[in-house]
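Visitor: Hi, I'm new to this one. Can you walk me through it?
Guide: Gladly. Here it is.

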Amino acid sequence: MDEAVGDLKQALPCVAESPTVHVEVHQRGSSWKCVSILPIDLSACTVALHIFQLNEDGPSSENLEEETENLTAANHWVLHAAEFHGLWDSLVYDVEVKSHVSCCAFSQNALLFEEEPLLFCPPGTGKTSLCKALAQKLTIRLSSRHGNTHSFIFFTCSGGRIPIAACEVPGPVLFDPIVESLTAARNACRAGTEPSDAIRVVNAVLTQIDQIKRHSSVVILTTSNITEKIDVAFVDRADIKQYIGPPSAAAIFKIYLSCLEELMKCQIIYPRQQLLTLRELEMIGFIENNVSKLSLLLNDISRKSEGLSGRVLRKLPFLAHALYVQAPTVTIEGFLQALSLAVDKQFEERKKLAAYI
């Protein structure tokens, strides 16, 4: 079976999507590791080497001191953060979201750091993860121009207030729930349902964003789950507005396939068996045989999983193992059956939850 799969893969054309190959080399402790090396003719490409060392210190919190409690207003990472490593490659979207968003941050000839992308989508589709991954990617690719140390600030909403002075730190800045929580206050104020103090806070946020964009080493990333609540003045400041919808069956297939490959690498699924990609299934016309049988089963599970968010999809392999396998190792046939049961359980729980809402 493995030989047949290998012959099929060799028969498939290898097409490069970009004329530039980026080979990332990072250092953790005293060991070196190379990642993202593509099988491509390097003589016809421009090779860019990016060498960096991961920072494992984790985030530091910035708190707002209140009379009764301390509220966390922002988390501050020093890049290159170890917890963001590999995040970019793990994100799967149906459209070219990553290329659209990254093009606003850097180009071949000049750094375009005055741009501001706005990502709006349902919960669990990976918008916040994309912002964190983009911040890491910017730091790696542009370290030769702006040094090896960058900052990444993640703002959360704490009582409708944020420490404006913290925005002065150079580097990527992410406004997550603040977008709909604060900018919506201006619309409510016009309707007479919001106090004047709230609109002062919103105006201060918008003013500070305008001041930040004057710096050449700061990019602002914003996300929102509730698009109808965003103030027009805030939307107009965004240079790129990107919608990210729930994953399709094709994207779900890629997510599941990456999870299965990792489980086989860790020998939780054993023995290791080769799975065909969706493109390879399309090339053989989705014909069922000994080579494609397991991949077609995974495709059926992916179609059945439509409607689940990316966050849930990443958890399903773990739930399948915890609920239906409960053994150190399992064959891939057994794991796919468990994964199918875990998908059914997710939809059953949703129906029960909807009945009580």
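Visitor: Let's start with Lys-265. Is it buried or exposed?
Guide: Lys-265 is exposed, with a relative accessible area of 59%. Exposed means over 50%, buried under 20%, and partly exposed in between (1.4 Å probe, protein chains only). Before we go on: this is a predicted model, where local features need pLDDT of at least 70, side-chain atom pairs count only at pLDDT 80 or more, and totals for chains, interfaces and linings use all residues. Residues are numbered from 1 along each chain as its sequence is written, and side-chain values use heavy atoms, leaving out hydrogens and water.

Visitor: Which residue forms a salt bridge with Lys-265?
Guide: Glu-262 does, with the closest N and O atoms 3.8 Å apart. A salt bridge here is a side-chain nitrogen of Lys or Arg within 4 Å of a carboxyl oxygen of Asp or Glu. Both residues lie in helix α9, 3 residues apart, about one turn of the helix. Helices (H or I, at least four residues) are DSSP runs, numbered from the N terminus.

Visitor: How many salt bridges does the structure hold?
Guide: It holds 4. One of them joins Arg-272 and Glu-261, with the closest N and O atoms 2.8 Å apart.

Visitor: Where do those two lie?
Guide: Arg-272 is in the loop between α9 and α10, and Glu-261 is in helix α9, so the pair ties together parts 11 residues apart in sequence. Arg-272 is partly exposed at 45% relative accessibility. Glu-261 is partly exposed too, at 22%.

Visitor: New topic. Which residues touch the most other members of the largest nonpolar core?
Guide: Tyr-256, Ile-269, Leu-275, Leu-298, Leu-316 and Phe-335, out of 34 residues. A nonpolar core is a set of buried Ala, Val, Leu, Ile, Met, Phe, Trp, Tyr and Cys residues joined through side-chain atoms within 4.5 Å.

Visitor: Which helix gives the largest share?
Guide: That's α9, with 9 residues. Apart from this core lies another, of 17 residues, including Leu-91 and Cys-121.

Visitor: And on the surface, which residues form a nonpolar patch?
Guide: Leu-323, Tyr-324 and Leu-341, with about 260 Å² of accessible area together. Patch residues have over 30% relative accessible area and no salt bridge; like charges are joined within 9 Å, nonpolar side chains (Val, Leu, Ile, Met, Phe, Trp, Tyr) within 5 Å. Areas come from the Shrake-Rupley method with a 1.4 Å probe; for residues, only the protein chains shown count as cover.

Visitor: Where is Leu-341 found?
Guide: In helix α13, residues 332-355. Leu-341 is partly exposed, at 42% relative accessibility.
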